[in-house]
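This briefing sets out selected local features of one protein model, grouped by topic. Please read it alongside the sequence and coordinates displayed below.

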Amino acid sequence: MIDLSAYLRPGDRIVFGQACGEPITLVEALIAQGADIGGLYAFIGTSFSGLFTPETANAFRLSSMGAIGALRAMTKANALDVIPVHVSQVAPLIAAGVMPCDVAMIQVSPANAQGEHSCGLISDYVRAAVDKARVVIAEVNEQVPFVPGETIPASAIDVAVQVSRPPVEVAPAKIGPTDEAIARLCAEFIGDGSVIQTGVGAVPDAILRLLHDRRDLGVHSGMLGDGLVDLAEAGVLTNARKEIDRGVSINGALIGTRRLYDWAHENPAIRMTPTSYTHDAGVLGQLSRLVTINSALEVDLAGQVNAEQSGAAYMGGTGGQVDFVRAGARSPGGASLMVLAATAKGGTISKIVPALSGPVTSARSEVDVVVTEFGAAQLKGQTLAERARRLVAVAHPDFREELDRAAFEIARRGF
């Protein structure tokens with residue numbers, strides 16, 4: 001195991017590669033040695049490894065942009081500092097020194113003949129961390145694919161730790177009847193030539209399964225899962241009609257299984273890019289027929305979205321939602337879909353609510369279409385009274401009477 005005391009100083013700020021690009025060997029080393037170095041702080045965007053627990057976090061203080069993946073348990077134990085930041089702003093804030101980065105710990109593929117390492121499964125803010133850090137420690141993993149796009153030259157790496165171990169995998173979520181019902185409604189917005197942005201999970205996977213009869217679909221997304229492979233193998237995913245990046249799926253994070261990773265290896269049909277490209281308003285503004293798909297914890301009757309916190313429980317994050325919500329809603333022929341089940345906790349709680357119980361992640365002025373298993377409420381350009389009426393209509397029937405009373409007050413006031 002690498003001796004981190006040779007490279008880290010007490011009080012250092014560490015930035016990890018995130019998601020399935022998490023450098024698990026380096027994380028394990030920091031967990032084992034961090035307490036002896038002392039005073040360390042670490043940031044990771046998301047984590048699915050399960051390595052971060054309230055016990056292991058005693059070796060350093062961990063922060064993140066949300067409680068996504070295995071980090072939710074950390075927030076429950078009050079062991080995670082949450083930074084409310086869009087993923088697209090992490091790299092600029094690192095570059096500006098607002099989010100300090102003394103040490104970058106990343107995972108990369110073996111180098112090619114030109115001495116360049118692929119960022120592999122994650123690109124987003126990796127290069128920004130590498131450029132800013134005093135010390136760059138790279139876990140060079142023989143089992144990480146060389147995916148076209150963002151690369152790190154060997155000359156930028158101060159310490160290379162050679163390993164051969166399976167990278168983090170995230171299995172496809174189990175799709176239930178509610179997910180399928182939501183997916184059917186979402187699929188109606190996706191026609192031939194549409195460009196898709198989506199996350200990973202049961203609803204996105206269910207949507208992608210319904211698109212095999214489409215033609216010339218494209219992808220421009222912050223993250224992608226195994227469902228991408230199914231579309232590609234069905235001949236549906238061609239990216240042929242995109243105004244930019246013709247023939248190529250643009251992505252920032254691969255979150256899935258070995259099947260996805262093997263498909264992406266040296267595949268010219270995909271390109272991994274930083275958030276300065278995946279989430280940039282100027283880039284997204286060049287795409288017509290862009291359909292963005294994002295999730296919510298709850299939506300109020302004005303159309304405000306909370307994707308972060310439910311009461312005292314922090315359960316999500318800002319992520320890239322706002323960038324894509326805005327882009328999809330403004331794309332000619334496109335749409336921005338906000339998806340959520342109508343209820344939670346076994347049907348005892350409505351997720352369409354009179355007022356949010358947590359922060360506003362996406363403003364009501366940005367939200368386009370809200371989809372539950374009971375319908376799709378198109379909100380763009382509608383009055384507040386009409387928005388409330390349409391949202392009540394897609395709520396669970398058990399809660400509509402109560403919501404109707406709140407909607408009546410909105411209609412009475414006009415706001």
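A residue counts as buried under 20% relative accessible area, as exposed over 50%, and as partly exposed in between. The model is predicted. By that scale, A240 is partly exposed because its relative accessibility is 38%.

**A240 and its surroundings**

- A240 lies in the loop that runs between helix 7 (227–233) and strand 12 (249–251).
- Its C-alpha atom is separated by 5.8 Å from that of D216, although 24 residues along the chain lie between the two positions in numbering.
- Apart from neighbours within four places in sequence, the contacts of A240 are D216, R246 and G247.

**Q197 in strand 10**

- Q197 belongs to strand 10, which spans residues 195–197.
- With a relative accessible area of 5%, Q197 falls under the 20% limit and is therefore buried.
- The side chain of Q197 makes a polar contact of 3.2 Å with the side chain of N294.
- N294 is also among the residues that Q197 touches beyond four places in sequence; the others are H220, S221, V291, T292, I293 and F324.

**Cavities**

- Two cavities of 30 Å³ or more are found in a search of the whole structure.
- The largest cavity holds about 50 Å³ of space.
- Its lining consists of I196, Q197, T198, L208, V219, S221, L224, L228 and L231.
- Strand 10 and helix 7 are the elements that each contribute two or more residues to this lining.

**Helix 3**

- Within helix 3 (residues 87–96), the residues V87, S88, V90, A91 and I94 are buried.
- These residues lie on the same side of helix 3, because the arc they cover around the axis is only 165°.
- In an α-helix there are 3.6 residues a turn, so residues three or four places apart point the same way.
- The cover over the buried residues of helix 3 includes strand 1 (13–16), strand 2 (41–43), helix 4 (126–132), helix 9 (275–278) and helix 11 (321–330).

- An open sheet is formed by three strands in the order 16-15-22, with mixed pairing.
- Strand 16 (305–306) and strand 22 (352–353) are the edge strands, each pairing on one side only.
- Strand 15 (residues 298–300) pairs with strand 22 in the parallel sense, over two bridges.
- V299 has I352 of strand 22 as its bridge partner.

- Most residues other than glycine have a negative phi.
- N78 is not a glycine, yet its phi is positive, at about 55°.
- This residue sits in the loop between helix 2 (72–76) and strand 4 (80–82), and N78 is exposed because its relative accessible area is 63%.
- E266, likewise not a glycine, has a positive phi near 55°.
- E266 is in the loop between helix 8 (258–264) and strand 13 (270–272); at a relative accessible area of 56%, E266 is over the 50% limit and so counts as exposed.

Terms used
Residues are numbered from 1 along each chain as its sequence is written. This is a predicted model: local features need pLDDT of at least 70, side-chain atom pairs count only at pLDDT 80 or more; totals for chains, interfaces and linings use all residues. Side-chain values use heavy atoms; hydrogens and water are left out. Helices (H or I, at least four residues) and strands (E, at least two) are DSSP runs, numbered from the N terminus. Buried means under 20% relative accessible area, exposed over 50%, partly exposed in between (1.4 Å probe, protein chains only). Two strands pair if DSSP finds at least two bridges between them. A polar contact is a pair of N or O atoms within 3.5 Å; within protein, one must be able to donate a hydrogen and the other to accept it, and residues adjacent in sequence count only if both atoms are side-chain atoms. Contact means heavy atoms within 4.5 Å. The arc is that of the directions from the helix axis to the C-beta atoms. On a 1 Å grid over the protein atoms alone, a cavity is a set of points where a 1.4 Å probe fits but cannot get out, and a pocket is an open set with protein on both sides within 12 Å along at least five of seven lines; lining residues have an atom within 4 Å of a point. Grid points are joined across faces, edges and corners, and a volume is the space filled by probe spheres set on the points.
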